[in-house]
Each structure stands twice: as C-alpha cells, then as structure tokens.
Amino acid sequence: MKDIERNAIFMIVLYIVLWYAGAMLGFFPFMSDDLTVGAVGFTGLLLVIVMVLCTCWIIDAIKKKDK
C-alpha cells in the first residue's frame with residue numbers, strides 16, 4: 001500500500017475515533033446547553049486539524065519531489 005493511501009485511511013479512522021470520543025465527552029471544549037452547537041464547534045476543530053495535516057503532507061511531498 002502506498003504512503004498516500006495509508007495516510008488517508010489513517011486520517012479517516014483517526015477522525016472518526018476522535019469525533020466519537022468527543023461525543024462521549026460531550027464535545028468537551030465547546031460546552032453549551034445545545035448539543036448541536038458543541039458538535040458543530042468540535043467538528044470544525046477536527047476539520048482544521050485535518051487541513052493542517054494535509055497541508056504538511058503536501059509540503060513534504062513537494063520537498064521530496066524537488067530533491
């Protein structure tokens with residue numbers, strides 16, 4: 001399996017696990033009376049983390065290509 005495929009599968013599985021853990025803890029950093037608001041905030045946080053990881057992988061791939 002290629003590194004890109006492995007990283008993509010890892011990221012998807014980790015995202016699902018973290019979202020499930022967040023749901024079990026009541027979306028901890030985003031405490032509110034409405035559970036939907038906490039879920040949206042927590043999901044936004046996870047999406048930002050995923051975008052940062054993807055950006056790092058893209059930059060790493062460009063650096064490897066230039067060598």
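How are helix 1 and helix 2 oriented to each other: roughly parallel or roughly antiparallel?

**Entry 1: helix pair.** I worked from a predicted model. I looked up helix 1, residues 3-24, and helix 2, residues 35-66. Their axes cross at roughly 160° and come within 11 Å. Angles over 145 degrees count as roughly antiparallel, so I put helix 1 and helix 2 down as roughly antiparallel to each other. I noted the handedness of this crossing as right-handed.

**Entry 2: contact residues.** I then listed who makes the contact. From helix 1 I have Asn7, Met11, Tyr15, Leu18, Trp19 and Gly22. Helix 2 brings Ala39, Phe42, Thr43, Leu46, Leu47, Val50, Cys54 and Trp57. I sorted the residues of this contact by type and got 11 nonpolar, 3 polar and no charged.

**Entry 3: cysteines.** I searched the whole structure for disulfides and found 0. Cysteine 54 is in no disulfide, and the nearest cysteine sulfur to its own belongs to cysteine 56, 9.3 Å away.

Entry 4: Cysteine 54, which I had already listed in the helix contact, is partly exposed at a relative accessible area of 27%. Cysteine 56 also counts as partly exposed, with 45% relative accessibility.

Notes. Residues are numbered from 1 along each chain as its sequence is written. This is a predicted model: local features need pLDDT of at least 70, side-chain atom pairs count only at pLDDT 80 or more; totals for chains, interfaces and linings use all residues. Side-chain values use heavy atoms; hydrogens and water are left out. A disulfide is a pair of cysteine sulfur atoms within 2.5 Å. Buried means under 20% relative accessible area, exposed over 50%, partly exposed in between (1.4 Å probe, protein chains only). Axes are lines fitted to C-alpha atoms, for helices over the stretch in contact, and angles run from 0 to 180 degrees between N-to-C directions. Helices (H or I, at least four residues) and strands (E, at least two) are DSSP runs, numbered from the N terminus. Angles under 35 degrees count as roughly parallel, over 145 as roughly antiparallel, 65 to 115 as roughly perpendicular and the rest as oblique. A crossing is left-handed if the near helix is turned anticlockwise from the far one by less than a right angle, and right-handed if clockwise. Contact means heavy atoms within 4.5 Å. Ala, Val, Leu, Ile, Met, Phe, Trp, Tyr, Cys and Pro count as nonpolar, Asp, Glu, Lys and Arg as charged, and the others, Gly among them, as polar.
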